[in-house]
Amino acid sequence: MRPLDRPLALIGLMGAGKTSVAQCLGERLAVPVADLDAWVEAEAGLSIAELFDAEGEPSFRRRERRALEQALAGGVRVLACGGGVVLDPIARERLRECHTVWLEVSAAEAARRLGATDVARRPMLQGRDTQNRLSELLTQRGELYRDSADARVVTDGASVEQVADRVLEAIEGHAP
Ligand code: S3P
């Protein structure tokens, strides 16, 4: 398998499968992987839900951007980004240094994939019907995902392995 010439960043809605697909790709390519949510939590010593509670969303977005910068500077090659990473303009700049792939998922499939525990851990999904909220976020962010990505991969109905195959195919054709 051809080595990555640039880091690979996965973006997309909660429930798109970014974490599982990044893990799978990291194993296949034998390169370091990071999940930005886990990075932020480890750095803060707090869960994302606790961070939103204590500091609010803008502070979380700054932490998320810093985690992206640290992961890239630290040599991580496959990144699972949080669903809202594209909201930050500086983070979007950093994503331009990567092969950035949008894992597309419908709100219905994302809601199915996110069980009750996953929903409880995600402050952006609190207090609303999960599918409606995901659908709203997709409408709000669709253009940012599209503009930030070099390639998009459909994930509905596909296994983690199949999505990983599609990501590799998508970036094969992408000129450095
Ligand atoms: C968020 C997505 C989450 C996490 C936080 C906010 C969002 O990451 O960063 O709860 O705004 O879409 P995942 O996409 O990995 O669930």
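**Figure 1. Strand β1 pairs with strands β3 and β4 in this predicted model.** Strand β1 (residues 8-11) and strand β3 (residues 78-80) are parallel partners joined by 3 bridges. Two strands are taken to pair if DSSP finds at least two bridges between them. Strands (E, at least two residues) and helices (H or I, at least four) are DSSP runs, numbered from the N terminus. Within the pairing with β3, Leu-8 has Val-78 as its bridge partner. Strand β4 (residues 99-104) also runs parallel to β1, and 4 bridges connect them. Opposite Ile-11 stands Trp-102 of β4. The side chains of Leu-8 and Leu-10 point one way from β1, those of Ala-9 and Ile-11 point the other way, and all are buried. Buried denotes under 20% relative accessible area, exposed over 50%, and partly exposed the range in between (1.4 Å probe, protein chains only).

The model is predicted: local features need pLDDT of at least 70, side-chain atom pairs count only at pLDDT 80 or more, and totals for chains, interfaces and linings use all residues. Residues are numbered from 1 along each chain as its sequence is written, and side-chain values use heavy atoms, with hydrogens and water left out.

**Figure 2. Helix α8 bends at Arg-141.** Among the buried residues of α8 are Arg-133, Leu-134, Leu-137, Arg-141 and Tyr-145. The buried residues of this helix pack against β1, α4 (57-73), α5 (89-95), β4, α6 (107-113) and α7 (116-120). Thr-130, also in α8, counts as buried because its relative accessibility is 17%. Beyond residues up to four places away in sequence, Thr-130 touches Ala-111, Val-119 and Leu-125, where contact means heavy atoms within 4.5 Å.

**Figure 3. The ligand is surrounded by 14 residues.** The closest are Lys-18, Asp-37, Arg-61, Arg-122 and Arg-141. Polar contacts are pairs of N or O atoms within 3.5 Å; within protein, one atom must be able to donate a hydrogen and the other to accept it, and residues adjacent in sequence count only if both atoms are side-chain atoms. An oxygen atom of the ligand is 3.4 Å from a polar backbone atom of Gly-84. The side chain of Lys-18 has an N or O atom 2.7 Å from a ligand oxygen, and the side chain of Arg-122 likewise has an N or O atom 2.7 Å from a ligand oxygen. Of the 390 Å² of accessible area that the ligand has on its own, the protein covers 98%.

**Figure 4. Arg-61 lies in helix α4.** Arg-61 is buried because its relative accessible area is 10%. Apart from neighbours within four places in sequence, Arg-61 is in contact with Phe-52, Gly-84, Val-85, Leu-87, Met-124 and Arg-141.

**Figure 5. Arg-77 occupies the loop between α4 and β3.** Arg-77 is partly exposed, as its relative accessible area is 23%. Leaving out residues up to four places away in sequence, Arg-77 touches Leu-4, Asp-5, Arg-6, Pro-7, Leu-8, Val-31 and Pro-32. Although Ala-22 is 55 residues from Arg-77 along the chain, their C-alpha atoms are separated by 9.7 Å.

Notes. The bend at a residue is the angle between axes fitted to the seven residues ending there and the seven starting there. A residue is near a molecule or strand if one of its heavy atoms lies within 4 Å of it. Accessible areas come from the Shrake-Rupley method with a 1.4 Å probe; for residues, only the protein chains shown count as cover.
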